[in-house]
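Let's take a friendly walk through this protein model, from single residues up to the whole fold. Please have your viewer open.

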Amino acid sequence: MSESAARSDQAIAATIKCILSDVDGVFTDGRIVYDSSGAETKAFHVRDGLGIKTWMREGGRFGIITARHSPMVARRAEELGVHAVVQNAGDKWLAARRLMDDWDVQPSEVAYVGDDLPDLSVMPLVGLSVAPADAATDVLSVADWTMQRRGGEGVIRELIERLMRAAGRWPTPPELADGRQC
């Protein structure tokens, strides 16, 4: 665990400008499902979508880094207007570093959400490392924050809402009810 674990939510929220996230096991429950024609399917939680849109509307950066390749990930990211998607990332830290350089963001200003061993190359090097409740044991042992939700059950939304509420930036319900599709 980094020094983030000892700091208040407000202090952490004041420093985070960018969220980077894995997909399988975070956005999804981690299962890989193939239909009868061999096509892969994924289920995404709609609350994550609203959380991401709210985060980005308030000026935060959001990026996806995944070791796999999936057209569904690209489609979901496009629907949400996600700033960057890196698929087939063999080295997640290298991918994260490139995004940080492109966005002029320091590692201390980044929250990274991961659930399994490939995410350990990034988690100890950023300002806030986050894991779903059902993440791998090694990931849970280094995470600054462990979310209450499991992968695929709104982990990203829980993180964003916690950060934005701590910073006093979470919108009131009437501000959210403007008909955006998530």
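At 66% relative accessibility, D104 counts as exposed; here exposed means over 50% relative accessible area, buried under 20% and partly exposed in between, with a 1.4 Å probe and protein chains only. D104 sits in the loop between α4 and β6, and although D104 is not a glycine, its phi is positive, at about 55 degrees. Helices (H or I, at least four residues) and strands (E, at least two) are DSSP runs numbered from the N terminus.

N88 has a positive phi too, about 60 degrees, and is not a glycine either. Its place is the loop between β5 (84-86) and α4 (92-103), and with 51% relative accessibility N88 counts as exposed. As background, most residues other than glycine have a negative phi.

## How to read the model

This is a predicted model, in which local features need pLDDT of at least 70 and side-chain atom pairs count only at pLDDT 80 or more, while totals for chains, interfaces and linings use all residues. Residues are numbered from 1 along each chain as its sequence is written, and side-chain values use heavy atoms, with hydrogens and water left out.

M72 belongs to helix α3 and counts as partly exposed, at 22% relative accessibility. Leaving aside residues up to four places away in sequence, M72 touches E40, T41, K42 and F44, where contact means heavy atoms within 4.5 Å. M72 and V122 are 50 residues apart in sequence, and their C-alpha atoms are 24 Å apart in space.

## The nonpolar cores

Which residues touch the most other members of the largest nonpolar core? They are F62 and L163, in a core of 30 residues. A nonpolar core is a set of buried Ala, Val, Leu, Ile, Met, Phe, Trp, Tyr and Cys residues joined through side-chain atoms within 4.5 Å. Two or more residues of this core come from each of α1 (9-15), α2 (46-57), β4 (61-65), α3 (71-80), β6 (110-113), β7 (128-131) and α6 (155-166). The largest share, seven residues, is from α6.

Not counting residues up to four places away in sequence, F62 touches I19, S21, F27, I52, W55, M56, V82, H83, A84, W103, I156 and I160. There is also a second, separate core of 20 residues, with A96, L99, M100 and V122 among them. In soluble globular proteins, nonpolar side chains tend to be buried together.

## The protein as a whole

Seven helices and eight strands make up the count of elements. The radius of gyration, taken over C-alpha atoms, is 15 Å, close to the 16 Å that the globule rule (2.2 Å times the number of residues to the power 0.38) gives for 182 residues, so the protein is as compact as a globular protein of that length. Its C-alpha trace spans about 50 × 40 × 30 Å along the principal axes.

Of the 182 residues, 49% are buried. Among contacts between residues at least 6 apart in sequence, 56% join residues at least 24 apart. The protein exposes about 8700 Å², and carbon and sulfur atoms supply 49% of this area, computed by the Shrake-Rupley method with a 1.4 Å probe.
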